[in-house]
Amino acid sequence: MKLFNTQTGQKETFTPIEPGKVKMYACGPTVYDYIHVGNARPVILFDVLRRYMEWRGYDVTFVQNFTDVDDKIINRANEEGVSCDTITERFIREYYTDAKGLGVRPATIHPKATEHIDGMIAATQTLIDKGYAYALGEGDVYYRTAAFADYGKLSGQSLDDLKAGARVDVDTGKENPMDFALWKSAKPGEPSWPSPWGEGRPGWHIECSVMASELLGKTIDIHAGGQDLTFPHHENEVAQSEALNGCTFAHYWLHNGFLSIDNKKMSKSLGNFFTVRDAAEAYGYDAIRMFMLMSHYRSPLNYSGEILVQSKAGLERLYTAVENLEFLSKHATTTELTVEEQTLLDSLTTYKTRFIEAMDDDFNTADGIAVIFEMIREINGATAAEKTLSQPFVEGCLAAIRELTDILGLLYAMPNQADDLDTQGEALIAARQEARANKNWAESDRIRDELKDMGILLEDTPQGIKWKKA
């Protein structure tokens, strides 16, 4: 398996620190509002990376944090006149609702930043002791970027270049405009914790460094997140973690590309800001997941209603293929595989091989989905003829589709038609079958139209009547 490592700028063969095990950290949401469609991209993508690695036999420990102390949280709490805990608890619940809707499995651990304050204070003190940080008299503590020789190595920028482009804030008292806060002194109306430098709260960057090291160890296999986090957030994580622990922080850095809305940057001021909840109401959670996986994770991605409709149509093709095979399995009349059927089942292994090749080549879900659709076309061609099919053949085709789609998590929202047909619908279908047996075509057509008005569409097949909701 090869992964594109942001730090080296090239694809590298993945070799875990400990054979058979993967320690993976992904930056999670700041819980002050519903997650938006841009947030959904890394949530979905790194869920699939974890699934794929587990399918390949790795024991994956996946940590995805909640940032639950932040200016945006404080501002919202003050606006609503409630505590920060009230805001964060509400939107952590809403996150889980959206994540479940998107088919995203919970991480192994979902830590909250406020659960690791003691570790952040200890890490900050150690950085001061080592000369990598300094405290100001007002209670603020800053990381001394000039003390870390490799600062900028993740984003590929030199400290001099970064410093030249930085705004100088003369009010902070910082030694260098590129120095960043490890601890912030308390201000009125903000949550705070006692520390050696006075009441305050941690800076954003130190939160992830401490949570990752406390839960996964000083060196982890994979650190993942959106491209927008490469600098300064992840760059600062590297600097403080490696200065603190004296070793490599993460072996592989994975960043997904930006998401735009109708080819424009998503912004509330432009009126093109969409939450996952909004998009799901219009197109379905499953269509959002499909949309995110139909492009390579490092590519920029453009969100639009038209593309979501196309994603929904692609899902319907998958659902229909599986529904057809489930129907054929129920009505199969033989358990003996023909030579032709066995040959086709054997050929399906080539699709599995190609799927693995795509996913092993820098986690290419787009090519993986293309392979699945090619396999479905071949299966559809083999099952379309009006002939008897054996149950082992049909079940083998179903298993081949399910194995690969389950890795991508694409069938989780597939409707269960058998549970949706009520007593009236069942009675009408039975009455229509009787009418057809008696060659009462007028009555058969009348019942078909009545069912259609009820939102039930019928299809007559050699194996019997199929139905689905309109």
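1. A quick word on terms before the details: buried here means under 20% relative accessible area, exposed means over 50%, and partly exposed is in between, with a 1.4 Å probe and protein chains only. At 64% relative accessibility, Asn 263 therefore counts as exposed. Keep in mind that this is a predicted model, where local features need pLDDT of at least 70, side-chain atom pairs count only at pLDDT 80 or more, and totals for chains, interfaces and linings use all residues. Residues are numbered from 1 along each chain as its sequence is written, and side-chain values use heavy atoms, with hydrogens and water left out.

2. Staying with Asn 263, have a look at its backbone: phi is near 65°, a positive value in a residue other than glycine. Asn 263 sits in the loop between β11 and β12. Element names follow DSSP runs, numbered from the N terminus: helices are H or I with at least four residues, strands are E with at least two.

3. On to the strands around that loop. β11 (residues 259-261) pairs with β12 in the antiparallel sense over two bridges; for strands to pair, DSSP has to find at least two bridges between them. Ile 261 has Lys 264 in β12 as its bridge partner. The sheet is open and has three strands, in the order β12-β11-β13, with mixed pairing. β12 (264-265) and β13 (301-303) are at the edges and have a single partner strand each, so one side of each is left without a neighbour in the sheet.

4. The aromatics deserve a paragraph or two. Rings of Phe, Tyr and Trp (its six-membered ring) pair if their centres lie within 6.5 Å; planes under 30 degrees apart are called stacked, over 60 edge-to-face, and the rest tilted. That rule gives 15 aromatic pairs. Tyr 143 and Phe 180 make a stacked one, at 4.9 Å centre to centre with 15° between the planes. Tyr 143 belongs to strand β6 (residues 141-143) and Phe 180 to strand β7 (residues 180-185), so the pair ties together parts that are 37 residues apart in sequence. Tyr 143 is buried at a relative accessible area of 0%, and Phe 180 counts as buried too, at 6%.

5. Phe 274 and Tyr 303 are worth a click as well: their ring centres are 5.6 Å apart and their planes are at 35°, so this pair is tilted. Phe 274 is in the loop between β12 and α8 (276-283), while Tyr 303 is in strand β13, and the pair links these distant parts of the chain, 29 residues apart. Phe 274 is partly exposed, with a relative accessible area of 29%, whereas Tyr 303 counts as buried at 4%. Elsewhere, ring pairs link Phe 14, Tyr 58 and Tyr 252 into a cluster.

6. Now for charges over rings, which require NZ of Lys or CZ of Arg within 6 Å of the ring centre and within 35 degrees of the ring normal. Arg 298 has its charged end over the ring of Phe 4, 4.0 Å from the centre. Arg 317 lies over the face of Phe 373, at 4.2 Å from the ring centre.

7. Which residues does a cis peptide bond join? Phe 231 and Pro 232, with omega about 5°; Pro 232 is found in helix α7 (residues 230-245). Phe 363 is not a glycine, yet has a positive phi of about 55°. Phe 363 lies in the loop between α11 (339-360) and α12 (365-383), and counts as buried at 1% relative accessibility.
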